[in-house]
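Please have the viewer open as you read.

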Amino acid sequence: MKYNQLTTCIYPALVWKVKWIKTHVLKLKSCHCWDLQMHCILHTGRFLLRNTYQRTWPKCCSSFSKMMRAVCVDKPGGPENLLLRNIPRPQPKDGEVLVKVHAAALNRADLLQRRGLYPPPDGESDIIGLEVAGTVDSLGPGVKEGWKPDDRVMALLCGGGYAEYVAVPEELLMPVPHNLTFCQAAAIPEAWLTAFQLLVFIAQVKEGEVVLAHAGASGIGTAAVQLVRLFGAVPIVTAGSLEKLKMAEELGAAAGFNYKEGNFAQGVLDFTRGKGANVILDCIGGSSWEKNVNCLAMDGRWVLYGTLGGRAVEGDLLGKLLSKRGHLLASLLRSRSLQYKADLVKAFSHRVLPYFSDQAASLRPVIDSTFNLEEIAEAHKRMEANKNMGKIIVNVVSQNQEISN
Ligand SMILES: NC(=O)c1ccc[n+]([C@@H]2O[C@H](COP(=O)([O-])OP(=O)(O)OC[C@H]3O[C@@H](n4cnc5c(N)ncnc54)[C@H](OP(=O)(O)O)[C@@H]3O)[C@@H](O)[C@H]2O)c1
């Protein structure tokens, strides 16, 4: 309640009550001494009200300024259910850094979360968004790594990215390479750390091996192709259009197969002279299991990390896998422990990050398109229609604001 409301409602009520006591209970028609005492009591009351108000109102005001815009989903469903709201800013907890978000990037998982099919892990923000870039706003207690306000950072998140501020465990922050914008940097954490994890931690890819990456023009695919090249292996891809295959080849793919127009397994076998792919990065699952196992090399590693083509498998999967002595490995990143992710961030920062900013800049995040936070529904529609080649970025701080800062 505002001070004006306090004085206009409570104070007159107090005056009326005192007058009523004076005339009806104490039966005093007129007494100068009484009037004086009552005046002092009422004056004191007004003074206390004003002081209470003066102390609480600025607190109230500052709590309003600690609000932020964020994309909320009240009811799971289509892109129209993404609502921009003012909600309280998160407070950084022990070991966390509050990041002012300049840009966030979309991930396929965001579409599932919006539809209620991929809830955040327990205790994590229910705001969508797995990766951001921005600046350090403030530090929670116990932050050790030497981050300071205004440092340019990018972060892997369990959620909370579609917002103006997000609290991040310090272990999951990385410095933004100096030559990258916030939009480019926002395209790195989830997509590149996933691709790195699949190749290095899970498949343990070796020099000279052939790696087949499905969805070669996706966020993960564009990162995977470049990483396979960086590690001295040979990337080949599948994609659903000539345009997407061309872009994967520009990034370093040695061959590409349109899975909509032919049997990619035959293409892989032809390319490898019958040997097959040593590693398959598979985000498709059900619809292409048989082709995958048919073009897997002996002792190959088939890494399942998504099920865009369905989950059900019917047929002789186990028999075919056994005859190839194949390894079927499945992985999810978001549900991993903080320690696992911290190790991943450390390894990636050491082995890969320098290649975004070296002279030849051998690695580059691929940006498909950029939307403002207000246009988040349009961004989701684009991804849902499989139109993107590379990452879709959401500008949280508009370019104009960034320049004037
Ligand atoms: N396990 C993990 O830790 C983890 C982490 C991050 C992401 N992921 C998964 O990785 C996958 C890629 O994510 P992203 O954000 O990089 O995706 P993205 O940029 O949205 O690209 C996905 C692409 O996959 C292709 N696709 C869609 N449905 C398909 C189908 N039924 N068969 C064949 N291709 C299909 C489409 O390209 P075409 O035009 O070529 O068909 C689409 O553009 C998703 O499944 C996501 O859930 C997993």
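## Strands, helices and a ligand shell

In this predicted model, strand β5 (residues 152–156) lies alongside β4, and the two pair in the antiparallel sense over five bridges. If you want a residue pair to click on, T135 has R152 in β5 as its bridge partner. On to the next pairing: β4 (residues 131–139) also pairs with strand β3 (residues 96–105), again in the antiparallel sense, this time over seven bridges. Here A103 has A133 in β4 as its bridge partner.

Let us turn to another sheet. Six strands form an open sheet with parallel pairing, in the order β10-β9-β8-β11-β12-β13. At its edges sit β10 (255–258) and β13 (327–330), each of which pairs on one side only. From one strand to the next, the twist averages 20 degrees. Within this sheet, β8 (residues 210–213) and β11 (residues 277–282) run parallel and are joined by three bridges. The partner of A213 in β11 is L281.

| Strand pair | Sense | Bridges | Example partners |
|---|---|---|---|
| β3 and β4 | antiparallel | seven bridges | A103 and A133 |
| β4 and β5 | antiparallel | five bridges | T135 and R152 |
| β8 and β11 | parallel | three bridges | A213 and L281 |

Now for the helices. How do α5 and α11 pack? Helix α5 meets helix α11 (residues 338–351) at an angle of about 90 degrees, and their axes are 10 Å apart. The two helices are therefore roughly perpendicular to each other. On the α5 side, the contact involves W192, L193, F196, Q197, V200 and F201, while α11 brings L344, V345, A347 and F348. By class, this contact holds nine nonpolar residues, one polar residue and no charged residues.

Helix α5 also takes us to the ligand. Which helix gives the most to the shell around the ligand? That is α5, with three residues. The helices α3 (108–114), α5 (189–202) and α6 (219–230) each supply at least two residues of this shell. There are 29 residues around the ligand, and those that come nearest are S218, G219, G240, G306 and L333. The shell divides into 14 nonpolar, 12 polar and three charged residues.

Note on methods:
Residues numbered from 1 in each chain as written. Predicted model: local features only at pLDDT ≥ 70, side-chain atom pairs only at ≥ 80, totals over all residues. Near = placed C-beta within 6 Å. Helix = DSSP H or I, 4+ residues; strand = E, 2+ residues; numbered from the N terminus. Nonpolar A, V, L, I, M, F, W, Y, C, P; charged D, E, K, R; others polar. Axes fitted to C-alpha atoms, helices over the stretch in contact; angles between N-to-C directions. Parallel < 35°, antiparallel > 145°, perpendicular 65-115°, else oblique. Contact = placed C-beta atoms within 7 Å. Pairing = 2+ DSSP bridges.
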